[in-house]
Amino acid sequence: MTARLKSAALLRGIVLGLFAFAIFGPIANMLLWTVAEVWYYPHKLPIEWGFSFWERVFRPQGNARVSLINSVIIALLTVAASLLVAVPAGFALGRGRLPWRSLFLLLFLLPQAFPSLAVHMNIARIFYGFGLNGTYTGVVLVHTIQGLVFSVWISTAAFAAVDYELEEAARNLGASPFHVFRTITFPLALPGILASAIFVFLISLDEFTGTYFVGVPDITTLPLLLFTASMEGNYQIASITALVLLVPSVAFMLAVEKFLKADVLARIGA
Amino acid sequence: MPAKSNMTGIALMMPALIALCVLFIYPLGYSMLWAFRDEERDAWTLANFVKALEFYSTDVLFTVLIVSVSTLLIGVCSIVIAGYLTLGENRAAVNLLRWLYRWPLFIPFVVAGQLMRTFLAKNGMMNNILVSGGIIEPLQAVSFLDWRGIVITFVWKQTPFVTLLLAGAMAVLDRSTFEAARNLGAGRVRVLIQIVVPQVSTTLMVGLILSYVLMMSVLSVPLMINAQSPTMMTVDMAWRINSYGDYEVANALGFISVAMTAVVAWFYLRQGIRQDGRPE
């Protein structure tokens, strides 16, 4: 019996070990590339180590610096645009008893239900007519649509999770509807709305295809910089950019449950 | 609710609805229609599809295969992981797995592509470990940067998403049924396949369909992992536009990719109707 238990424990350890390697191996390989100065086949490890590529990526006039600033500006503008359209919609869908409520919710899922490339290349063509290609406005609009389902659904869930009775009580004490919204409904929904803002920020930061078609030729974001460097075979620059993009993604993954509380999470899409 | 507040509700949704129509529904409709358009002769035609299939039928097939195989593997992997998280009896192993599986969850495709481009290369870490472990000879080391690389990247990136949904759905199931089955002598694998998975099949399908659609429209991964022929349709679409400004063939390919998605969605909806209609 103990021998069987031991072999079961051994097997469990081996399987978990292989799984950990499958998850972390690719990340570790990327980390090695960020500090490799010289590395070619058949050497298993870099031949020379160092940080000279970091200096090249982060120096003030470098492409990466411009891309990083572009990415952050675009992501912040996308968050602002998303909140502007999603908070009213989320309030209407989460608080009111709208007719065809679930139909409207499904409507916002549409961008996720069709392959987006066909849409993106035609947006680029339509935007071309308006001179929006290669502008911040154009890229922000494309990113806003990508994030729309998340911003609307999460704000809806956040408003739906606010306790009706608190609003009722305030109304009974004579508060105006707007005053109730400003002092009760909105502050209580705020954590969920912030979660949707972070989500949208991340989606915008990571967006590739839309920027690829609409951003050219003037707007380069970090994902495009990473792509170009990788295709040119410049693995150090590509890996350092990948690391810059990886950090917020992983941080959000580790913290997502703190932002999205179970009461909001359970109402998403419902 | 009085009619007045319905109107307010619709008015509050207007900005979001207008954005959706202008930035999504209009371009989508435009792409679907323009797939049938001969712009030079200003007429409707099927010639774009003929040309698209003549040039790219291998890639269409390749895309279907890659996306289907990836979806299948994502399904299997996420059932196994979520199943162990739900039925596993070793607390430490369950907690470790719960911590491990989520890492790729929000990693963007373009980053996943770069990670795999180095990891799966001929001198990448995977081959190095296999050679060092004596599992393969150095001369046997091959690059996985072809269709296998695309599938591995997709599975690596999308499995956590489906697992997260599945594990969530499994966590709210009534545990007493599994325990009853276990007490009657059913193995964990049997409990998973016969009792747990059927109860979360809707969640599984939703997760897999969203992943399928997503993989169908990823451009960065096929470009970075495998840009040689045969490749995925997204690469061809980008190529038609960037090199020839040929929106006609690109839109025909886009139409085909939307149609492939529609087929899957149709099967899903039909399945759903059947299940609802069953007397139970």
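**Figure 1. Crossing of helix H3 and helix H8 in chain A of a predicted model.** The axes of helix H3 (residues 63-95) of chain A and helix H8 (residues 177-206) of chain A come within 8 Å and cross at roughly 135°. Axes are lines fitted to C-alpha atoms, for helices over the stretch in contact, and angles run from 0 to 180 degrees between N-to-C directions. This angle makes H3(A) oblique to H8(A); angles under 35 degrees count as roughly parallel, over 145 as roughly antiparallel, 65 to 115 as roughly perpendicular, and the rest as oblique. The crossing of H3(A) and H8(A) is right-handed, a crossing being left-handed if the near helix is turned anticlockwise from the far one by less than a right angle, and right-handed if clockwise. Residues of H3(A) in the contact include Ser71(A), Ile74(A), Thr78(A) and Ser82(A), and those of H8(A) include Ile193(A), Ala197(A), Val200(A) and Ser204(A). Two residues are in contact if their C-beta atoms, placed from the backbone, lie within 7 Å. An α-helix has 3.6 residues a turn, so residues three or four places apart point the same way. By class, the contact of H3(A) with H8(A) has eleven nonpolar, five polar and no charged residues. Ala, Val, Leu, Ile, Met, Phe, Trp, Tyr, Cys and Pro count as nonpolar, Asp, Glu, Lys and Arg as charged, and the others, Gly among them, as polar. Helices (H or I, at least four residues) and strands (E, at least two) are DSSP runs, numbered from the N terminus.

Residues are numbered from 1 along each chain as its sequence is written, and chains are lettered from A and ligands numbered from 1 in the order in which they are written. In this predicted model, local features need pLDDT of at least 70 and side-chain atom pairs count only at pLDDT 80 or more, while totals for chains, interfaces and linings use all residues.

Figure 2. Gln146(A) is buried, with 24 other C-beta atoms within 10 Å. A residue is buried if 20 or more other C-beta atoms lie within 10 Å of its own, exposed if 12 or fewer, and partly exposed in between, with C-beta atoms placed from the backbone. Not counting residues up to four places away in sequence, Gln146(A) touches Pro111(A), Ile203(A), Glu207(A) and Gly210(A).

**Figure 3. Packing of helix H7 (residues 175-183) and helix H8 (residues 188-199) of chain B.** The two helices pack at an angle of about 145°, with their axes 11 Å apart, and the crossing of H7(B) and H8(B) is right-handed. Thr177(B), Phe178(B), Ala181(B) and Arg182(B) of H7(B) meet Val191(B), Ile195(B) and Val196(B) of H8(B). Five nonpolar, one polar and one charged residues make up the contact of H7(B) with H8(B).

**Figure 4. Buried residues of helix H5 (residues 125-132) of chain B.** Met125(B), Met126(B), Asn127(B) and Asn128(B) are buried in this helix. Their cover includes H1 of chain A together with helix H4 (109-119) of chain B. Just after H5(B), Gly134(B) takes a positive phi of about 75°.

**Figure 5. Contact of chain A with chain B.** Chain A gives 68 residues to the contact and chain B gives 60 residues. On the side of chain A that touches chain B, H1(A) gives the most, with twelve residues. That side has 52 nonpolar, eleven polar and five charged residues.
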